[in-house]
Amino acid sequence: MNRKGKVKGKSNSRPVVKKPPWMELPEGIWANILHRLGAVEILESAEKVCSKWRRVCKNPSMWRVIDMWNLGDLSDMDYDLEVMCRHAVDRSQGEVVDINLQYFATAQLLEYIAERSGKLKRLSIACCYGMVCESLVEVVHKLPLLEELSLTHTTITIEGIEALGRSCQRLKLFELNNSLYMGSGDYFDNEDVRNEEALAIAKNLPTLHHLQLIGNRMTIKGVEAILDNCPHLVSLDLRLCKYVSLNKVLSNRISGQIKNMKHPHDSLAGLEFSFVACGEDDEDQMSDDY
């Protein structure tokens, strides 16, 4: 012992705790890694791990893409997806270019996004049925840079398609998919009614390069109008379009004009939100809204 009563060779200082090597990675690398997560995972889990991750997750560049993927079990969630999405949009500080919404989109949320996302290029909405169809008319007016719009089990009015043509002149891709379509009630519609959407697309969206109309009620009349008025079209998906019966002349025309064609009876294998993927609850909801 020395004069102060301490045992020689021992220290009262606390041992230095070394950070794990992965914590020393630059924030740029962490941003690249965390970017692969969805918005829900980032806000609910990742940013709570440590101060460095939280700092990275607050950077507006992390929110150029907002993917609100979820399983659709909204009643079992401990958080509000709409509130979370608004928070993500705010974090982007107007830099978001791609948003994916599933099951929970509302007219109010779309208006909130449109007011703060003037640079948006891609908007995808799935399984929201009739909840946003009227609001889309006003929303697209505020998204002049929009290049891709994907609507799956989500309706749009003819006025909405016309608004797309007026306001989104850079639109290259349009998807209007109803893979849960069973055709009930169609027998009471005449050919003009069945072709309303196809004719509106042909008239108002001539800049399209890619068009997906799974489960549409159109006939050959609608297909011909699209081919006549969309000269830049390179891919056309008509799976489940049960009233489209292609004759030899039209088939030859499609072969010469369309590079990537999916026919009415082609398989839906691998398609997200198909009949099997969505389940009975979505089928019942669709029946109520259509």
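Here are a few friendly notes on side-chain contacts in this predicted model.

1. Local features here need pLDDT of at least 70 and side-chain atom pairs count only at pLDDT 80 or more, while totals for chains, interfaces and linings use all residues. Residues are numbered from 1 along each chain as its sequence is written, and side-chain values use heavy atoms, with hydrogens and water left out.

2. The model has two aromatic pairs (rings of Phe, Tyr and Trp, the last by its six-membered ring, with centres within 6.5 Å; planes under 30 degrees apart are stacked, over 60 edge-to-face, the rest tilted). Y103 and F273 are edge-to-face because their ring centres are 6.2 Å apart and their planes meet at 70°. Y103 is buried at 15% relative accessibility, and F273 is buried at 9% (buried is under 20% relative accessible area, exposed over 50%, partly exposed in between, with a 1.4 Å probe and protein chains only).

3. Y112 has R86 over its face, 4.6 Å from the ring centre. The charged end of R116 also sits over the ring of Y112, at 3.5 Å from its centre (NZ of Lys or CZ of Arg within 6 Å of the ring centre and within 35 degrees of the ring normal).

4. There are eleven salt bridges (a side-chain nitrogen of Lys or Arg within 4 Å of a carboxyl oxygen of Asp or Glu). Among them, E27 pairs with R55, with closest N and O atoms 2.6 Å apart. E27 is partly exposed at 33%, as is R55 at 45%.

5. E95 bridges to K119 at 2.9 Å between the closest N and O atoms; K221 bridges to D192 at 3.0 Å.
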